[in-house]
Amino acid sequence: MEVLGVRFHALTRGEAARAIAHLASSAERAYIVKPYSEFMPRAARDPRLRGLLNGAALCLADGVGVLWAAHYLSLKGGTPRALLQLPLSLASLFLNPKAVRDPLPQNMAGVDLAWEMLTCLADAGASVYLLGGAEEENRRARERIAQRLPALRI
């Protein structure tokens, strides 16, 4: 699904986690992006940023704003009908959030994807490296991950 020139992969979190583990265990060099709605206007204006996002092995929707935009852009009937459907489409975000899960099935925000991804990486025998944050935060994160996934190499 394309939103403002950025092509997103329509995957569930489980499918995305397995795809990430597959990439990690292959010899292929790849990167994964998770643009959120604040990225989208800049990506629409900046061909270089859009190229970086579209060059990723996986582009996963990070946030309900991207899910809603993909849903809205997929509505049938052209611009006049889409404009009429705008208030109902926006209301569905609050009244029935699952209504915007088509064509992108799930939000890939960090915490939503992290444990599933780490589990698949552990099953694949991959290792992870924690980058960023303060030393104490990294230590606590490492301990928490190791406690839950002792087979994962960190």
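1. Arginine 148 is placed over the face of tryptophan 115, at 4.0 Å from the ring centre. A charge is taken to sit over a ring if NZ of Lys or CZ of Arg is within 6 Å of the ring centre and within 35 degrees of the ring normal. The model is predicted, so local features need pLDDT of at least 70 and side-chain atom pairs count only at pLDDT 80 or more, while totals for chains, interfaces and linings use all residues. Residues are numbered from 1 along each chain as its sequence is written, and side-chain values use heavy atoms, with hydrogens and water left out.

2. The count of aromatic pairs comes to one; rings of Phe, Tyr and Trp (its six-membered ring) pair if their centres lie within 6.5 Å, and planes under 30 degrees apart count as stacked, over 60 as edge-to-face and the rest as tilted. The ring centres of tyrosine 36 and phenylalanine 39 are 5.0 Å apart and their planes stand at 85 degrees, so this pair is edge-to-face. Tyrosine 36 is partly exposed, at 36% relative accessibility, and phenylalanine 39 is partly exposed at 29%. Here buried means under 20% relative accessible area, exposed over 50%, and partly exposed in between (1.4 Å probe, protein chains only).

3. Tyr36 is also one of the residues touched by aspartate 62, as are Lys34, Asn107 and Gly110, not counting residues up to four places away in sequence; contact means heavy atoms within 4.5 Å. Aspartate 62 lies in the loop between strand 4 (58–59) and helix 4 (64–73), where helices (H or I, at least four residues) and strands (E, at least two) are DSSP runs, numbered from the N terminus. Its relative accessibility is 17%, so aspartate 62 counts as buried.

4. The largest nonpolar core has 20 residues, and Leu60, Leu113, Leu118, Leu121 and Leu152 have the most contacts inside it. Such a core is a set of buried Ala, Val, Leu, Ile, Met, Phe, Trp, Tyr and Cys residues joined through side-chain atoms within 4.5 Å. Helix 1 (13–24) and helix 6 (110–123) are the elements that give two or more residues to this core; helix 6 supplies the largest share, six residues. A second, separate core has 18 residues, including Phe8 and Tyr72.

5. How many disulfides does a search of the whole structure find? The search finds zero, a disulfide being a pair of cysteine sulfur atoms within 2.5 Å. Cysteine 59 is buried at 1% relative accessibility, and cysteine 120 is buried with a relative accessible area of 18%.
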